[in-house]
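Work through the exercises below with the sequence and the coordinates at hand. Each task is followed by a solution in steps.

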Amino acid sequence: MWVERLFRDLCGHVMALTDLPAGAEAGFMDREIRSGEGWSERLGAALATCRVFVPLFSPRYFASEMCGKEWFAFAHRAIQHGAASNERAEAIVPALWVPVAPSQLPGPAERLQFNHNTFGERYVTDGLYGLIKLRGYAEQYERAVYELARRIVRVAETVRLDPVRPMDYRVVPSAFGPSGSTGGAGGGPARTLHVTVAAGSRHDLPDGRSPEYYGESALDWNPYHPVSQRPIAYVAEDVIKNLNYQTTMSSFDDEAGHFDSKQPPTRPEILIVDRWVVEDEHRRRRLAAFDQESRPWINVVVPWNRYDHQSRAKEAELARRLEETLPVKMSQGRAACRAAANGVANMETLGQILPQVVEAAAQQFLRHAQVYLPAGNTHTERPRLIGPMGMSEPPAPPPAPFPNVAHDAYDTHIDGNDSNDTDRGDADDSES
């Protein structure tokens, strides 16, 4: 009920601070939806159209897969906006429901540039939950909520994200990473992923190829020009960071000759390939040699803009030559995500298929990465049977089970059917 009170208070301030007509909905909170009422459809529609996203930070929030899915869906709209305009659009306004240690923040939350100190000292130390629960902090609560409402209105008036088609929540990944993964909520080593781009520059294109899609290096390649204003490498980087990864990038020209399949991998990798590179015989040979090495943790993505008239005219020929050059990688790519290898038609599709490609590369990386034993004495005895066929000693009693109170407290997902204090801790302001 406390989150619902906060939502009502925020909406009241937003109505007072704007010219929204009386009776209009100033916001949307997903706890309002009950099961059996088209929950995923309504939530998807709200996240595809709302102007500001307000996550309520708490340890439980970052442990929730559904909260991570909501974050990913909204943040992906900002990525699409940035690709089309080449301007960053930050429309996430976080609020502290419960103070969270920096070590518990996943990458997408940690990278937000937001100063909570302007909402008051007690707000920073106790969070909105502490202020709303303790009567002596009523004045501090009112100040924090008012300042939060002002920030929401200011962002809504200055950032204009275009509405998009709602995402299918059955396949949307979490922005906080898979449950239990390293580098997710709760700290731990950061997950890293490398992006390599195999493309030319405007200085070494095949005869007749238009330079408008290229820049000074492969990392400047922009296959979806003019719809997209940003090179594909940087858009892919944003999408991958929104999956709670740290990323590094390079050109295939720089990486060629440095791959060593005999060494275990240090990270999963994505290779973004321009089909036009097969027109350069030197690059084609290096790609063919790369394909002969066994590196299943490197997945291929092939962007292909059919509105590029030159590309469409040579599509069949270039596609055939790329298949002949990278038969192993193209086959592996289709197994991971058929659309990624067959040709990604636009930026929207890229955002949908990249999480699948990243997940497949991460799984292969885990299969082939080197295993490090714990430090110290790593000698372990072979397991021995106990009982009639083994040793005569009676088996040791099993350890007492851990109480699961703490586990339930942090992992329970409250969808609005509960009105007590264990609120899920997230809300969207959709019409502010």
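**Exercise 1: a cysteine between two helices**

Cys337 sits in the loop that joins helix H13 (327–336) to helix H14 (338–342). The model is a predicted one.

Solution. 
- Step 1. The cut-off for buried is under 20%.

**Exercise 2: a threonine in another loop**

Task: locate Thr118, classify its accessibility and relate it to Glu147.

Solution. 
- Step 1. Thr118 belongs to the loop between helix H5 (107–110) and helix H6 (121–133).
- Step 2. Its relative accessibility is 36%. Buried requires under 20% and exposed over 50%, so Thr118 counts as partly exposed.
- Step 3. In sequence, Thr118 and Glu147 are 29 residues apart; in space, C-alpha to C-alpha, they are 7.9 Å apart.

**Exercise 3: backbone angles**

Task: examine phi of Asn86 and of Asn244, then the peptide bond from His225 to Pro226.

Solution. 
- Step 1. Asn86 is not a glycine, yet its phi is positive, at about 60°. This residue is placed in the loop between helix H4 (65–85) and strand E2 (95–96). Its relative accessibility is 48%, so Asn86 counts as partly exposed.
- Step 2. Asn244, also a residue other than glycine, has a positive phi near 70°. Its place is the loop between H8 and strand E4 (246–251). At 5% relative accessibility, Asn244 is classed as buried.
- Step 3. Omega is near 5° for the bond from His225 to Pro226, and this peptide bond is cis. Pro226 lies in the loop between strand E3 (192–198) and helix H8 (232–241).

**Exercise 4: helix geometry**

Task: compare the span of helix H1 with the expected value, then describe how H8 and H15 pack.

Solution. 
- Step 1. H1 covers residues 2–17, which is 16 residues. From its first C-alpha to its last it reaches 23 Å, close to the 22 Å expected at 1.5 Å a residue.
- Step 2. The buried residues in H1 are Trp2, Val3, Leu6, Phe7, Leu10, Cys11 and Val14.
- Step 3. H8 packs with helix H15 (residues 347–368) at an angle of about 55°, and their axes are 10 Å apart. H8 is therefore oblique to H15.
- Step 4. The crossing of H8 past H15 is right-handed.

**Exercise 5: aromatic rings**

Task: how many aromatic pairs does a search of the whole structure find, and which residues are linked by ring pairs into a cluster? Then find the arginines placed over ring faces of Tyr245 and Trp304.

Solution. 
- Step 1. The search gives twelve aromatic pairs. One of them joins Phe114 and Phe119, with 6.0 Å centre to centre and 80° between the planes. Planes over 60 degrees apart count as edge-to-face, and this pair is edge-to-face. Phe114 and Phe119 are both buried.
- Step 2. The cluster linked by ring pairs consists of Phe53, Phe57, Tyr61, Phe62, Trp71, Phe74 and Phe176.
- Step 3. Over the face of Tyr245 lies Arg191, at 4.0 Å from the ring centre. Over the face of Trp304 lies Arg275, at 4.5 Å from the ring centre.

How values were computed. Residues numbered from 1 in each chain as written. Predicted model: local features only at pLDDT ≥ 70, side-chain atom pairs only at ≥ 80, totals over all residues. Heavy atoms only, no water. Phe/Tyr/Trp six-rings, centres within 6.5 Å; stacked < 30°, edge-to-face > 60°. Buried < 20%, exposed > 50% of the residue type's maximum accessible area, 1.4 Å probe, protein only. Lys NZ or Arg CZ within 6 Å of the ring centre and 35° of its normal. Helix = DSSP H or I, 4+ residues; strand = E, 2+ residues; numbered from the N terminus. Expected span 1.5 Å × (residues − 1). Axes fitted to C-alpha atoms, helices over the stretch in contact; angles between N-to-C directions. Parallel < 35°, antiparallel > 145°, perpendicular 65-115°, else oblique. Left-handed = near helix turned anticlockwise from the far one by under 90°.
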